[in-house]
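Please have the model open while you read.

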Amino acid sequence: MTLIIRGEQVEALKRAAHRSFVDEMAIWLRTQFDAELAAVDDQQLRSHVRSAIGRASSYGIATRRDLALWLSLQVVLGWLCETSAEYGWIAAELAAGRRTGSSASLDRVMKKALLQLESTEERAKRRRAFGLPPARVNA
């Protein structure tokens, strides 16, 4: 007996798998970033996750590992961080990475973002130590 799966059935299975993955990632993000996501309800979080996954695909980010890293980056730096003035370099790095390998490119982005965050926090600590107000971020 031969089993035939129609195109519509394949698409329905893909949609169900995508919904399941979005739900799984939203739950995982809550376990990893509960404080950062406290003000975001579950529906908003799933919406952010769906949007971020869509943008990730444009950079060739597709593996579970890379998508988890990408989503972590989005939570920590801000949803749509790659379009911001402060983190616009992310989009350029990932676009270039499509030619050389998205995983390696995403790893470089993660390292640079961590260094930038550490540097920003260190500057903020120094400003507080000298009694200076927090630096204003130009948007």
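1. Leu80 is partly exposed, with a relative accessible area of 43% (buried is under 20%, exposed over 50% and partly exposed in between, using a 1.4 Å probe and protein chains only). You will find Leu80 in the loop between H3 and H4; helices are DSSP runs of H or I with at least four residues, strands are runs of E with at least two, and both are numbered from the N terminus. Its backbone deserves a look too: the phi of Leu80 is near 70 degrees, a positive value in a residue other than glycine.

2. Before going further, a word on the ground rules. This is a predicted model, in which local features need a pLDDT of at least 70 and side-chain atom pairs count only at pLDDT 80 or more, while totals for chains, interfaces and linings use all residues. Residues are numbered from 1 along each chain as its sequence is written, and side-chain values use heavy atoms, with hydrogens and water left out.

3. On confidence, the chain averages a pLDDT of 89, and 94% of the residues score at least 70; pLDDT is the predictor's confidence in each residue, from 0 to 100. Confidence is highest in H2, at a mean of 96, and lowest in H4, at 85. Where pLDDT is low, the predicted coordinates should not be read in detail.

4. What elements does the chain contain? There are 5 helices and 0 strands, giving the order α-α-α-α-α from the N terminus on. The radius of gyration is 19 Å, well over the 14 Å that the globule rule gives for 139 residues, so the chain is more spread out than a compact globule. That radius is taken over C-alpha atoms, and the rule is 2.2 Å times the number of residues to the power 0.38. Along the principal axes, the C-alpha atoms fill a box of roughly 80 × 35 × 25 Å.

5. Some chain totals for your records. Of the 139 residues, 30% count as buried. The chain exposes about 9300 Å², and carbon and sulfur atoms supply 57% of that area (Shrake-Rupley method, 1.4 Å probe). Among contacts with a separation of 6 or more, 52% come from residues 24 or more positions apart; contact means heavy atoms within 4.5 Å.

6. The largest nonpolar core has 32 residues, and those touching the most other members are Leu29, Val49, Ile61, Trp70, Leu73, Ile90 and Leu94. Such a core is a set of buried Ala, Val, Leu, Ile, Met, Phe, Trp, Tyr and Cys residues joined through side-chain atoms within 4.5 Å. Helices H1 (7-32), H2 (42-58), H3 (64-77), H4 (89-100) and H5 each give two or more residues to this core, and H3 gives the most, with 7 residues.

7. Now to H1. Its 26 residues should span 38 Å at 1.5 Å a residue, and the end C-alpha atoms are 37 Å apart, which agrees; the expected span is 1.5 Å times one less than the number of residues. Phe21, Val22, Met25, Ala26, Leu29 and Arg30 are the buried residues of H1, and they pack against H2 and H3.

8. Ser72, in helix H3, is buried at a relative accessible area of 10%. Apart from neighbours within four places in sequence, Ser72 is in contact with Trp28, Leu29 and Phe33.

9. Is Arg55 buried or exposed? At 17% relative accessibility, this residue of helix H2 counts as buried. Setting aside neighbours within four places in sequence, Arg55 is in contact with Trp70, Gln74, Leu80 and Glu82, which brings us back to the Leu80 of my opening point.

10. Finally, H5 (residues 102-129) has 28 residues and reaches 40 Å between its first and last C-alpha, close to the 40 Å expected. Ser102, Ser105, Leu106, Val109, Met110, Ala113 and Gln116 are its buried residues. Met110 has 17% relative accessibility and, leaving aside neighbours within four places, is in contact with Leu69 and Leu73. Leu73 in turn touches Gly78, Cys81, Ile90, Val109, Met110 and Ala113, not counting residues up to four places away in sequence. After H5 comes Gly131, with a positive phi near 75 degrees.
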